[in-house]
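Hi,

Here is the structure I promised to pass on.

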Amino acid sequence: MFGFRRKIRIETERMTLRLPGHSDWNAWSDLRAESAAFLTPWEPDWAHDHLSRRSFTNRVYWAARAQTQGTALPMLLERREDGALLGAITLDNIRRGPAQAATIGYWIGQPFARHGYMREALLAMVHHAFAHLDLSRVEAACLPENSASRGVLEKTGFKYEGVAQSYLQISGRWRTHVLYANLRNDRRGRTTAGL
């Protein structure tokens with residue numbers, strides 16, 4: 001419960017969610033590069049070496065260490081039928097003790113957007129967080145105008161909880177984000193607040 005002893009693989013209907021490996025660099029950097037215009041309006045600024053092999057190697061080492069220490073679960077989305085890399089999802093900032101909570105973040109490559117892959121990945125990761133990691137709460141944040149992200153969160157059981165002023169720097173500016181959460185034992189029902 002308090003750490004991960006083996007490499008986690010989460011199977012969904014069409015995908016395998018797994019830790020990144022060094023051999024994923026080409027597919028990852030190609031997908032990020034071809035999807036840059038699609039992704040950068042919603043993400044913190046990319047470092048000048050964001051797509052480099054060295055940067056990806058550091059990401060692989062961080063992912064393995066974070067999984068072993070139980071602080072994060074950074075997974076790539078791999079389509080089983082052809083092994084295509086689709087995007088990534090990360091359960092991060094895993095907090096134990098009285099909180100039993102984590103934050104979730106995700107991205108999907110532009111060619112694979114709006115095909116239900118992220119919905120499938122979110123459902124699987126939240127289930128894993130509740131059933132296998134014994135978490136009580138999974139939190140998410142996105143820009144208010146990101147209707148695609150808000151929609152997938154709402155379709156996977158996340159409820160709107162409020163606004164965080166100056167939450168993240170996006171395109172060099174501190175941006176306000178809307179906050180969502182999914183609770184293991186949620187009795188709140190559907191909410192339209194903040195829509």
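**What I found**

Of the 195 residues in the protein chain, 46% count as buried, where buried means under 20% relative accessible area, exposed means over 50%, and partly exposed is in between (1.4 Å probe, protein chains only). Before going on, please keep in mind that this is a predicted model, in which local features need pLDDT of at least 70 and side-chain atom pairs count only at pLDDT 80 or more, while totals for chains, interfaces and linings use all residues. Residues are numbered from 1 along each chain as its sequence is written, and side-chain values use heavy atoms, with hydrogens and water left out.

Now the overall build. The protein chain contains five helices and eight strands; these are DSSP runs numbered from the N terminus, with helices being H or I of at least four residues and strands E of at least two. Going along the sequence, the pattern reads β-β-α-α-α-β-β-β-α-β-α-β-β. The C-alpha trace spans about 45 × 40 × 30 Å along its principal axes. A compact globule of 195 residues would have a radius of gyration near 16 Å, and the protein chain agrees, with 16 Å (taken over C-alpha atoms; the globule rule is 2.2 Å times the number of residues to the power 0.38). As for contacts (heavy atoms within 4.5 Å), 63% of those between residues at least 6 apart in sequence join residues at least 24 apart. The chain exposes about 10300 Å², and carbon and sulfur atoms supply 50% of that, by the Shrake-Rupley method with a 1.4 Å probe, where for residues only the protein chains shown count as cover.

Next, the sheet. Eight strands make up an open sheet with mixed pairing, in the order β1-β2-β3-β4-β5-β6-β8-β7; two strands pair if DSSP finds at least two bridges between them. The edges belong to β1 (9–11) and β7 (159–170), each with a single partner strand, so one side of each has no neighbour in the sheet. On average, neighbouring strands here are turned by 25 degrees against each other, direction ignored (axes are lines fitted to C-alpha atoms, for helices over the stretch in contact, and angles run from 0 to 180 degrees between N-to-C directions).

Which helix is mostly covered? That is α4, with 11 of its 15 residues buried, among them Y117, L122, M125, H128 and F130. Helix α4 covers residues 117–131 and reaches 21 Å from its first C-alpha to its last, close to the 21 Å expected at 1.5 Å a residue (that is, 1.5 Å times one less than its number of residues).

Lastly, a few single residues. Most residues other than glycine have a negative phi. S166, in strand β7, is not a glycine and yet has a positive phi of about 45 degrees; its relative accessibility of 42% makes it partly exposed. S171 is in the loop between β7 and β8 (173–183) and has a positive phi of about 55 degrees, although it is no glycine either. With a relative accessible area of 51%, S171 is exposed. D82 belongs to the loop between β3 (73–79) and β4 (85–95) and is partly exposed at 46%.

Cheers
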